[in-house]
Amino acid sequence: MHHEAFSDPQAVARYTEGPPRMVPGFADMQRMAMILLAERAPDNAQVLVLGAGGGLEIKAFAEAQPGWSFVGIDPSAAMLDLARVTLGNLSGRTQLHQGLIDSAPEGPFDAATCILTLHFIEREERLRTLKEIRRRLRPSAPFVVAHFSFPQASNERDLWLARYAAFAITSGIEPSMAKNAQAGISARLPILAPEDDEQLLRDAEFSGIGLFYMGFAFRGWVAYA
């Protein structure tokens with residue numbers, strides 16, 4: 001499900017530097033996600049984080065919200081090890097589980113996020129994953145999701161991926177590496193058009209779906225159980 005790079009220790013070690021250089025406005029997107037969750041989640045919220053490997057969003061949320069606790073799920077043991085390093089003394093408020101959504105406790109959770117994860121998952125499994133997240137949330141609890149999402153007509157698809165690569169290059173990523181990433185993403189990731197992503201949220205019975213973030217090839221939504 002995850003990109004095969006996540007089993008390579010050096011790729012894993014580089015991951016914490018990657019998203020800020022590859023994802024426009026990454027830190028602000030995480031901060032907006034925290035604010036959207038905090039609108040409805042209580043001060044002592046338990047938050048489900050799917051795709052928690054690396055620990056970046058849990059760290060951002062935990063630093064901003066001292067009363068929140070977290071359950072993080074990720075299929076990659078190496079990425080969860082990295083999350084433990086990233087979290088350091090914040091890991092006391094975090095339980096990490098290796099696996100897919102089925103490895104998550106039943107909850108109910110006060111909020112959930114799935115950031116830079118669903119684009120690894122084929123459409124049918126994506127819908128199942130969203131339904132399983134929804135089932136674990138309290139009524140009207142907030143859910144924030146963000147990942148690759150852009151128009152899928154072939155000319156537009158290529159243009160958005162070229163812009164993604166151009167952004168990475170201006171962030172200091174080696175041009176050949178950025179081009180390789182662009183080609184690999186194009187070939188391997190089951191990216192959907194934004195209207196399809198929104199339809200999946202509706203099909204999983206989320207409501208109040210709102211776009212809150214767009215950074216070139218990435219989009220993010222908030223929705224409610």
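Two strands count as paired if DSSP finds at least two bridges between them, and strands of this kind, at least two residues in DSSP state E, are numbered from the N terminus, as are helices (H or I, at least four residues). With that in hand, here are some friendly notes on the model.

1. A word on the basis. This is a predicted model, in which local features need pLDDT of at least 70 and side-chain atom pairs count only at pLDDT 80 or more, while totals for chains, interfaces and linings use all residues. Residues are numbered from 1 along each chain as its sequence is written, and side-chain values use heavy atoms, leaving out hydrogens and water.

2. Leu211 has Trp221 in E7 as its bridge partner. Strand E7 (residues 218-224) pairs with E6 in the antiparallel sense, over six bridges.

3. The whole sheet. Seven strands form an open sheet with mixed pairing, in the order E3-E2-E1-E4-E5-E7-E6. Strand E3 (94-98) and strand E6 (207-215) stand at the edges with a single partner strand each, so one side of each lacks a neighbour in the sheet. From one strand to the next, the twist averages 15°; such angles run from 0 to 180 degrees between N-to-C directions, and axes are lines fitted to C-alpha atoms, for helices over the stretch in contact.

4. Helices on the sheet. H6 touches strand E1 (46-50), strand E4 (111-115) and strand E5 (142-148), and its direction makes about 155° with that of E5. Contact here means heavy atoms within 4.5 Å. H9 lies across E5, E6 and E7, at about 20° to E7.

5. H6 against H9. Helix H6 (residues 123-135) and helix H9 (residues 194-203) pack at an angle of about 45°, their axes 9 Å apart.

6. H7 against H8. The axes of helix H7 (residues 154-170) and helix H8 (residues 175-188) come within 9 Å and cross at roughly 150°. H7 and H8 are therefore roughly antiparallel to each other. The contact includes Leu161 and Ile169 of H7 and Ile185 of H8, and by class it has 10 nonpolar, two polar and two charged residues.

Terms used. Parallel < 35°, antiparallel > 145°, perpendicular 65-115°, else oblique. Nonpolar A, V, L, I, M, F, W, Y, C, P; charged D, E, K, R; others polar.
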